Amino acid sequence: CFGFPLSIFFIVINEFCERFSYYGMKAVLTLYFTRFLHWEDNFATAIYHTFVALCYLTPILGAIIADSWLGKFKTILYLSIVYAIGQTVLSVGSINDLTDHNQDGSPDAIAVNIALSMVGLVLIALGTGGIKPCVSAFGGDQFEEDQEKQRSTFFSLFYLSINAGSLLSTLVTPSIRASECGIHTKQECYPLAFGVPAVLMAVALVVFVIGSKMYKKVKPQGNVMLEVSKCIGFAIKNRFRHRSKKFPKREHWLDWASEKYDKRLIAQIKMVLRVLFLYIPLPMFWAVFDQQGSRWTLQATSMDGNFVEIPNFFSHVHLLQIVNPILIVIMVPVVDSLVYPLIKKCKLNFTPLKKMTVGMFLGSMAFVAAALVQVQIDKSYPVFPAAGQAQIKLINLGAVPATVQFQPKLQSVDVAPNMETGYMTFETSKLQSLDIISANQNKTELLKLLQKHRYTLAFKQGPMYIDSRLVKDNVTSKPKDGKSLVRFINNFNVTINVTMDNKDFGTLDPLSVSNYSVIQNPGWSYTISASVPHTCTVSSKQFGYGSAYTISLDNCVENKLIITHFEDIAPNTVHMAWQIPQYFLLTCAEVLFSVTGLEFSYSQAPSNMKSVLQAGWLLTVAVGNIIVLIVAGASAIQKQWAEYVLFAALLLAVCVIFAIMATFYTYIDPNEIEAQFNKEEKEEDKKDQDGNGKEAETDSHL
């Protein structure tokens, strides 16, 4: 079809569906850990990077199975089944109602959900990692030797299908997650967010099987990685045996394998080891790069996502995650067709290793940008009372001004009608009472405040006396994950029933306060209803991300509810748009580092060892994620911006080391070296044939 083997279209479609499945699941994984399983940020980050590391360790296993046992087709087939099962198990494990026997909205046995989730993730890691080195190589096997141009186009299509699957899934699955589903209680829909990738993986498997009769299936011919490992092991063992000074030194330590292995294999391994040596600093880049799915996602939850109009079913937290795949799709052709040719015209020798060095530098700068954003976020956080302290806020719900005096003679505050004060901090051992003075009335409120807590005192002047209500806020930190909190205070003189959309806040007596309730989507508008006794309604304003409000229900005029918003915790003020520079820098770094690194590895590897270097490249990704695990688990750094600076400094230091290593690297052409070996082998064969011919002639004379 169009000069291509028909089978490759099944492989490209299979890759698109598989990448949709993987990136769709991965896009919501960190929030699943923190919001559904209620894990701490550091622990969620550790598990996330453990999973990613496992996904990049298993390709070695997949390559060994494919090359030495099952072949590429059967390896892809069997591990895809494992993959689909893993996605299904993860989806089932995220069902809230699975163990919610008392129907209160929380699993009664969260350990069951955790166990199923972990089993699912392990199976997914085995599946996606195992097929990773096989699919592209299996596609390349479908072409004949004279179809180099078509093969090159196939790899471009293959890369495009990866990014298309990533982009589409990063758009779709977060919006599914933001919707609400459930049997007993409606919550974020993780079962469907994981279920859709499971269905796509099943589709990928079906598409791959449909094309089975069209595939060219190359039989396994022994694993090159095993052969390389054996040769290196023999060289080390042989060198150790001959460590005495009486044995002459050899030019390279691998030459000690020449007693058992031929010169061509030893020369090829030398080429591979030279490149693998350059790989040593590379994991630090991946340690930085893969944090956009963990730390940067958590950073976005502390920011204001209300900067563009998007559908209600979509999550602002995931909005910036699509920036990377969009920029990749745009920048790869732009850089290849515009930037690199311009650099070449300027007669600058921008070698692959120099490109990778610049990529590492830009990655470091991306984390400097992330640290600067985090500093601004930290400045916007409220200050909560420390040990030995309490905070109190005043709300005047009356129609006349009032003065509040904190006793014994600590402070005096004037409060205007229908207004509030900010939270004021007092030593719990000193504050004993307060006096409320309004018009000709006076009331003393005795206080016994608990340390490290916030309180709200609501009051108003009545016809005969001042009515007041002191409540403990029960909020000790800013709401996480960009959610907001809201509670209601009844300013009517009668008992009322309050609802907000489908949420019932119950019956409130005059001047009583409801408990805080979580607002999952602060960017939405909600309908507030109060029965007084007839129903009055009003649409609330949008609640800011990460905020807390007390809403006073004041009056009802022509069935319209009159309300007042009091801000208990200010919403997030740093826009998510400030994350765009760090995403842009990291995407530039990816184009220069990752794409160039793959090209460099391919060009410097012998023809039969390209899979070895591919496995080595993927291994650097795994080690990078292990570095994040170590830092997140062992670091005593309390401030997130300081951790960003630490990673930026480490990557910058590694960048300098890599630049120095690159200056000593000499580029080679493996094809020329192999051609030289071929020539020498032909000459030796010719000599052998000539020798055999002379022996035959002598034999005939005899």
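Reader: Which residues lie nearest the centre of the second largest pocket?
Author: This is a predicted model, and in it Gln 187, Lys 483, Val 518, Ile 519 and Gln 520 lie nearest the centre of that pocket, whose lining is made up of 41 residues.

Reader: And how much space lies in it?
Author: The second largest pocket holds about 1,200 Å³ of space.

Reader: Where does the second largest pocket lie relative to the domains?
Author: Its lining takes residues from both domain 1 (1-222) and domain 3 (391-569), so the pocket lies between them.

Reader: How do the lining residues divide into nonpolar, polar and charged?
Author: The lining of the second largest pocket has 15 polar residues, with 13 charged and 13 nonpolar ones beside them.

Reader: Switching to packing, which residues touch the most other members of the largest nonpolar core?
Author: That core has 126 residues, and the ones touching the most other members are Met 25, Leu 29, Tyr 32, Phe 33 and Phe 51. Helix H13 (residues 352-379) is the element that gives the most to this core, contributing 10 residues. Because domain 1 (1-222) and domain 2 (284-303 + 314-380 + 577-677) both supply residues, the core lies between these two domains.

Reader: What does Leu 29 touch, not counting residues up to four places away in sequence?
Author: Leu 29 is in contact with Tyr 48, Phe 51, Leu 121 and Phe 194 on that count. Apart from this core lies another, of 22 residues, including Phe 492, Tyr 526, Cys 556 and Leu 561.

How values were computed: Residues numbered from 1 in each chain as written. Predicted model: local features only at pLDDT ≥ 70, side-chain atom pairs only at ≥ 80, totals over all residues. Heavy atoms only, no water. Core = buried A, V, L, I, M, F, W, Y, C linked by side-chain atoms within 4.5 Å. Buried < 20%, exposed > 50% of the residue type's maximum accessible area, 1.4 Å probe, protein only. Helix = DSSP H or I, 4+ residues; strand = E, 2+ residues; numbered from the N terminus. Domains from an automatic or database assignment. Contact = heavy atoms within 4.5 Å. 1 Å grid on protein atoms, 1.4 Å probe; cavity = no way out; pocket = protein on both sides within 12 Å on 5 of 7 lines; lining within 4 Å. Points joined across faces, edges and corners; volume = space filled by probe spheres on them. Nonpolar A, V, L, I, M, F, W, Y, C, P; charged D, E, K, R; others polar.
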